[in-house]
Amino acid sequence: MIKKPRMVQISEIVQESKDVKTFTFNINSILNNYSIQYQDPTPGEFLMVWVPGIDEIPMSLSGFNNNKDWSITVKKVGECTETLFNLEKSDLIGIRGPFGNGFQILEFNSNNQLNIVVGGGIGMAPLIPLISELIKLKIKIIVIEGVKSKEEIIFKKYLENYLIENETFYISTDDGSYGYKGFATDLFNSIIKKEIEKGNKINQVNSCGPEQMMYELFHICEKLNITFQGSLERMMRCGFGMCGLCVLDPSGIRVCREGPVLDSKILRTCTDFGKYNRDFSGKKNTI
Amino acid sequence: MSEFFKKIAEKPFILASGILGVSYSSMKRIFEGGAGAVVTKSIGPILREGYKNPSIIEILPGTFINSVGLANPGIDNFISEIKELKRNNITTIVSVFGDSIETYTQVAVKAQDAGADAIELNISCPHAEISIICQNKQLTYDYVAAVKKELKIPLIVKLSPNVTDIGEIALSAEKAGADAITAINTVNAMVIDIETQRPILSHGSGGLSGKAIHPIAVKKVFNLYKIVRIPIFGCGGVFTGEDAIEFFLAGASAVQIGSALYQDYNAITTIINIAKKYLEVHNYKSFSDIVGNAHGFETQEVPDF
């Protein structure tokens with residue numbers, strides 16, 4: 001784990017949509033220069049990304065490979081992400097991590113079991129390495145990507161290449177400009193029911209995106225007795241369990257340490273889930 | 001002995017301010033892990049965002065630098081957390097700061113009214129404007145005396161190591177009516193990124209906490225034990241039972257634990273259990289039996305030539 005922020009050079013930039021870009025960098029130089037012990041990241045783990053002079057923010061890894069090329073996928077939403085967004089190849093960013101606990105892929109034991117992966121907008125980012133992992137393990141998957149409108153669709157080509165059968169990749173748009181018209185949660189609801197009718201068993205549902213969306217997905221899964229895992233987002237200073245900004249009431253679960261990916265068992269104990277978060281001052285606000 | 005100090009004497013391990021002290025639920029976990037009390041994050045008169053990130057990083061194993069900048073939701077927004085702590089029967093010390101004698105007093109009184117068991121006066125945050133108080137014995141006296149006058153609950157004063165003579169500041173606090181001293185706050189420090197050649201923390205400098213400052217804190221407690229009569233809470237880099245015992249031997253009546261908790265909420269339980277084991281093995285009944293035991297040895301004052 002990289003504990004102190006270390007600078008890396010951006011080696012590749014891919015524009016995913018008007019407001020979203022993926023930045024790739026190789027971490028071998030950090031590992032070698034500072035003798036840092038390396039461990040493969042788990043899908044869902046995150047980095048603290050430092051843009052000198054601006055800010056440092058938590059960002060999930062959207063990719064990593066054996067070559068130790070890591071990537072983050074950034075959506076322009078504030079000062080820091082906007083500065084990041086405008087960086088060019090060879091520019092430097094600081095990184096530390098990876099932190100937290102990622103997705104735990106449940107063991108499956110029959111052929112008609114499948115995982116359903118649901119991403120809302122930029123929430124698709126940490127799901128990309130998870131999808132790769134599920135494919136590697138030969139677990140059947142259905143991917144649902146929900147966005148507001150057609151221009152916001154990301155990773156479409158990548159997913160279509162990966163997911164051989166077309167019907168395993170669905171897109172929903174709130175305005176109906178592409179694919180299913182409506183929310184990802186409604187699409188999910190109809191798909192999961194169809195799969196159950198077909199006699200397929202849902203191994204688990206993995207998700208990242210707006211918390212309201214995950215909250216609804218979680219409740220659908222609860223009714224159907226299906227394990228849910230969602231990656232939560234909270235304000236963080238340290239990223240490793242010290243500052244207390246990301247604590248969930250009333251259990252004291254830390255999103256940065258015990259999360260960011262939390263499963264049904266833990267989410268059931270968190271009354272904050274889907275309802276409250278804290279701002280940078282520590283004040284609790286309604287989501 | 002007041003009710004509060006009786007509780008501390010029974011369980012002389014306290015959550016230090018600034019660590020997992022924003023929400024009642026994290027403090028509850030630590031209290032249930034065996035702490036005798038918890039100190040909240042420092043609370044001021046109004047909401048304050050503090051410094052931007054990077055504001056907390058681990059720079060050596062178990063050693064951290066931070067410049068949070070007294071970020072807090074403001075006392076009015078924090079009252080619900082104090083009430084929730086008290087609803088759960090948690091002995092609560094509210095860490096308080098302000099920008100004048102009036103606001104310090106106002107926040108302390110509001111915390112008291114909300115149910116706080118004690119107040120810890122933060123006059124020593126090394127990277128905020130208030131550190132000026134703890135560097136001056138007269139200012140320390142004025143602030144402590146003014147707040148003390150309005151309180152029915154005990155007042156603890158947290159001191160900084162970033163002064164020429166911590167003893168004179170402690171004496172000033174004691175004279176002004178402080179019921180206990182916490183020593184020490186973080187140590188002034190800086191870390192520079194050599195690639196960009198700039199300080200890493202957004203504020204530039206910050207306060208060092210964790211393992212590296214433990215011996216510094218032990219020495220300060222050792223000095224203070226000779227000077228003040230009020231109880232001293234030792235604070236700085238307690239990661240093991242051994243670290244805690246050292247504080248008691250140096251003269252602390254209780255020990256605060258902070259940075260160590262980042263690993264795991266249970267870290268506090270492990271520290272307490274190992275410290276208790278020490279008492280058992282060495283045939284002591286309670287921690288009070290070993291307070292100050294490192295004093296009274298003849299040390300070599302003049303080097304051999």
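Q: Which residue of chain B does the side chain of A:R278 meet in a salt bridge?
A: A salt bridge here is a side-chain nitrogen of Lys or Arg within 4 Å of a carboxyl oxygen of Asp or Glu. In this predicted model, side-chain atom pairs count only at pLDDT 80 or more, local features need pLDDT of at least 70, and totals for chains, interfaces and linings use all residues. The N to O distance for the A:R278 pair is 3.1 Å, and the partner is B:E81.

Q: How many salt bridges does the rule find across the interface of chain B and chain A?
A: Side-chain values use heavy atoms, with hydrogens and water left out. Across the interface of chain B and chain A, the number of salt bridges found is three.

Q: How many residues of chain A are in contact with chain B?
A: Contact means heavy atoms within 4.5 Å. On the chain B side 43 residues take part, and on the chain A side 37.

Q: Which three residues supply more of the area that chain B buries against chain A than any other three?
A: Buried area is the accessible area (1.4 Å probe) that two parts lose on being put together, summed over both. Between chain B and chain A it is about 3400 Å², with 57% from carbon and sulfur atoms. The three residues supply 19% of what chain B buries, and they are B:N53, B:I56 and B:Y262.

Q: Which residues of helix α1 (residues 3-10) of chain B are buried?
A: Helices are DSSP runs (H or I, at least four residues), numbered from the N terminus. Buried means under 20% relative accessible area and exposed over 50% (1.4 Å probe, protein chains only). On the other side of α1(B), B:E3 and B:E10 are exposed. The buried residues of α1(B) are B:F4, B:F5 and B:I8.

Conventions. Residues numbered from 1 in each chain as written. Chains lettered and ligands numbered in written order. Helix = DSSP H or I, 4+ residues; strand = E, 2+ residues; numbered from the N terminus.
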